[in-house]
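Subject: Structure handover

Hello,

Please find the structure below, followed by notes on what was found in it.

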Amino acid sequence: MIPLYYSLRNLWTRRLTTALTVVGMALVVFVFAATLMLVEGLQQTLVDTGSPENMVLIRKGSETEVQSGIDRDAAAILASQPEVAIGGDGQPLFARESVVLINLAKRGSDEEANVIIRGIGPASLALRPQVRLVEGRMPRPGAAEIVAGASIARRFRGAALGESVRFGMRDWQVVGVFDAGATGFSSEIWGDVDQLMQAFRRPVYSSVVFRLRDPGAFAGYKERIETDPRLTVVAKREIQFYADQSAAMGTFLRILGTTLTLIFSVGAVIGAMITMYAAVAGRITEIGILRSLGFGRGSILLAFVAESLLLGLLGGLAGLFFASFMQLITISTMNWQTFAELAFGFSLTFGIALKCLAFALVMGLSGGLLPALRAARMNLVEALRAA
Amino acid sequence: MTSPSTPIVEIRNLFKSYLRSSQRVPVLEDITLDVADGEFLALMGPSGSGKSTLLNLIAGIDHPDSGLLRVGGVEVSALSEGELAAWRAAHVGFIFQFYNLIPVLTAFENVELPLLLTPLSRKERHEHVALALRLVSLEDRMDHRPGQLSGGQQQRVAIARALITDPTILVADEPTGDLDRESAEEVLGLMDRLNREFGKTVIMVTHDPRAAEKARVIRHLEKGLLNHVPA
Ligand SMILES: Nc1ncnc2c1ncn2[C@@H]1O[C@H](COP(=O)(O)OP(=O)(O)OP(=O)(O)O)[C@@H](O)[C@H]1O
Ligand SMILES: [Mg+2]
C-alpha cells in the first residue's frame, strides 16, 4: 500500500489548486448543510412547540387553528371528559383558546407581517411548560392587556414591555414578555381569550388544548371524541399537530436545497475531476516508478482515489465549518400553513454533519475515480518512457 | 541459491518488437546472453539500439515476444502481471538516469518505499533504511526532499532504494547520464563497491566509456544484435 501521506503531500504540494477545488466543494457542502440545518431547525421549532402529553382539538376539516372553530357548547362537552388531567390547583388543565392573525408593523421599517394573537385561558400557561415569563406579568382577565413572545417583542413596533399595540379597535397594553425558546410560541402574542373574542367579534373558540390524565388513553379518546355525534372535531397530540404544520414547508425547503446542491455539485465534481486529471498527467513517470518498484495497479488506484477523497473530506469539513456559523442566524418567515410569522434557526446535528461529510466524500470519489482509473490503467513501459 | 556455474540471468533467442502506427518494428532480434552471479555487466551501443528495452525485459517491466528469459531461476517471461510486480519488488533494484525519486517524499521515505511491500515491521524498516542511507553516506540527509539534494545525492538515494530489499539483480539505465564527472565517479564507485563487497549482480546500460570501464564485462548492442567484447 502506498502510504496516505503520499496523497496528502501531493495535495499540499499543489496547494493552490487544492484550495480552489476544496472551496468549490465547500460551497456545495455549505448549501447542502444549510438546507438540512434549516429544515431541521424548522422541525425542531414546530415539534418543540408541542408537548407530548397535550391534546389539541380543532374543527374537523381544518388544518390550522386559524381556520378552525369550536363553539361554546362543544367546548363545554370537551372540558367535562374524564381524560382531562387536573392541575395542582384542582382545576382541569384545559384551555379554550382563540387564534387570529393581525397585521403588525416591524420596527425600523414600514413592512408589515402577520402575527398570531392567541386568546388564552387560565390553564394555557400551565399547559405550555416551555413558555416562561421573562419580563412583567401575565394579562389580567378582563383587561386589554397582552404579553408578547420574545421574538415578537424584539421585532415588532409597540410589542415590547410598556409599549402598546392597536388592533381590534382597541389599544392593548404589553404587560409582559415571555420566552418560549425555539418554539412557535415565541412568535405569538397572548391575551385574555374573552377580551380578544369580544374585540374581534368572534363567537367561537379556535381550539381547545388539554393535558391527558393518562397519555396511554390517547387512541381510545380520539376514537370516541371524533365519532361523538354532538361534535365535529379532530383530536391530535400537540406534537403531531405542530409537526404537520411544518411538513409542507420542510418539503419545499428540502426540494429547493437538494436541487441547488445537485446543480452546484456537478460543477464541484467537474472541478475535482480536472484537478485530478491534471495530477495524473503530471505524475506519469512517478506512477511508472511506483509500479516498477512493485506497487500494483490497485495500489495506484487507491493512492489517487485517496487523494480525491481527501479533497472531498477537506471540502466537507470547510463547508461544515462555515455552515456551523449559520446557527447564529435566525430566519423569520411566513409559515404558509398558518400565514403567520415564524422565527426559527439553523440547527446543526451530528446526523447532518455525517450526511454532509458523506456527501462530500461522494463528490470527491465521483471526481477522482476516472482520473484514478486512468492512472491505474497506464502502460508501465510507456509511463517509464515518458520521462 | 544458484550455484556459481548457473548464470543468474539466462537469455535464449529473445525477440522483441514494438507496434508503431500499425507497423511492427523489431527492436531486439535473437538475443542470447548469460550474466553470471556477481557479474558487473555494461551494455553499450548507439541510441535506439534497444539497450533500455533489453534492460526492461530483464527487469520484468516488459514482455518479450518470444524466447526464454530466466532470472535467478525464475522464468520471468511466463509470469502474469501481478506476479511480475511481486517478483520485481523482491528481486530487482532499479537505478534510472533521472534518479526518479518521488518528489513529495523525503530521502528516508523514498528508500523505505519498497519495504512497504514487505512484511517488515516499522522498526525493522527503519533499521534497514538507516543502514542503506549510511552505505551511500547520506544518513544526515534523510529528512531532505529530492528537490533539496544535488543530482549526485539523489542518485545515491536511488541506489539506496534499489538495494534496500537486497534484490537478486541491480539494473541501472544510464545512471551517470545526467551527472557531472565528480558525482558520476561517486555513483560508479558505489556500484562497484556493491558489486565487489556485497556480490551484487549489476547490469548497467551506459553511453559513457568511463562508466563502462568499471564493469567487468561489456556487451555492445547494435541494431538489436549483441556483439561480444571482453572487458
Ligand atoms: N514502448 C515503445 N513503443 C514503441 N517503440 C519503442 C518503445 N520502446 C522502445 N521503442 C523503440 O525501440 C527502439 C529501441 O529503444 P530503446 O529505448 O531500447 O533504445 P536505447 O538503446 O535505450 O536508446 P537510448 O540510448 O537513446 O536510450 C527505439 O527505436 C525506440 O523508438
Ligand atoms: Mg535507453
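In helix α9 of chain A, the buried residues are A:Thr285, A:Glu286, A:Ile287, A:Gly288, A:Ile289, A:Leu290, A:Arg291 and A:Ser292. Buried means under 20% relative accessible area, exposed means over 50%, and partly exposed is in between, with a 1.4 Å probe and protein chains only. Helices (H or I, at least four residues) and strands (E, at least two) are DSSP runs, numbered from the N terminus.

Before going on, note that this is a predicted model, in which local features need pLDDT of at least 70, side-chain atom pairs count only at pLDDT 80 or more, and totals for chains, interfaces and linings use all residues. Residues are numbered from 1 along each chain as its sequence is written, chains are lettered from A and ligands numbered from 1 in the order in which they are written, and side-chain values use heavy atoms, leaving out hydrogens and water.

Helix α9 of chain A

Eight of the nine residues of α9(A) are buried, so the helix is largely enclosed by the rest of the structure. A:Glu286 belongs to this helix, which covers residues 284-292. The relative accessible area of A:Glu286 is 9%, so A:Glu286 is buried. What does A:Glu286 contact, leaving aside its neighbours within four places in sequence? The residues are A:Tyr6, A:Asn10, B:Ile102 and B:Pro103, where contact means heavy atoms within 4.5 Å. Just after α9(A), A:Gly294 has a positive phi of about 115°.

Domains of chain A

Chain A is divided into domain 1 (4-47 + 247-385) and domain 2 (54-211). Domain bounds come from an automatic or database domain assignment. The centres of the two domains of chain A, taken over C-alpha atoms, are 46 Å apart.

Aromatic rings

Rings of Phe, Tyr and Trp (its six-membered ring) pair if their centres lie within 6.5 Å; planes under 30 degrees apart count as stacked, over 60 as edge-to-face and the rest as tilted. By this rule there are 12 aromatic pairs over all chains. In one of them, the ring centres of A:Phe210 and A:Tyr221 are 5.2 Å apart and the planes are at 70°, so the pair is edge-to-face. This pair links distant parts of the chain: A:Phe210 is in strand β9 (residues 207-211) of chain A and A:Tyr221 is in helix α7 (residues 218-227) of chain A, 11 residues apart. A:Phe210 is buried at 0% relative accessibility, and A:Tyr221 is buried with a relative accessible area of 0%. One aromatic cluster is made up of A:Phe178, A:Phe185, A:Trp190, A:Phe241 and A:Tyr242.

A charge sits over a ring if NZ of Lys or CZ of Arg is within 6 Å of the ring centre and within 35 degrees of the ring normal. The charged end of A:Arg15 sits over the ring of A:Trp12, 4.4 Å from its centre. The charged end of A:Arg237 sits over the ring of A:Phe218, 4.2 Å from its centre.

Strands of chain B

Two strands pair if DSSP finds at least two bridges between them. In chain B, four strands form an open sheet in the order β2-β1-β4-β5, with antiparallel pairing. β2 (23-35) and β5 (74-75) of chain B stand at the edges with a single partner strand each, so one side of each is left without a neighbour in the sheet. Helix α1 (residues 51-58) of chain B packs on the sheet and touches β1 (9-20), β2 and β4 of chain B. Two bridges join strand β4 (residues 66-71) of chain B to β5(B), and B:Val71 has B:Val74 as its bridge partner in β5(B).

Strand β8 (residues 201-205) of chain B has five of its five residues buried. B:Thr201, B:Ile203 and B:Val205 lie on one side, and B:Val202 and B:Met204 on the other. In a regular strand the side chains alternate between the two faces of the sheet. β8(B) pairs in the parallel sense with strand β3 (residues 40-44) of chain B over four bridges, and B:Leu43 stands opposite B:Val205. β8(B) also pairs in the parallel sense with strand β7 (residues 169-173) of chain B, over five bridges; the bridge partner of B:Leu170 in β8(B) is B:Val202.

Regards

Note on methods
Axes fitted to C-alpha atoms, helices over the stretch in contact; angles between N-to-C directions.
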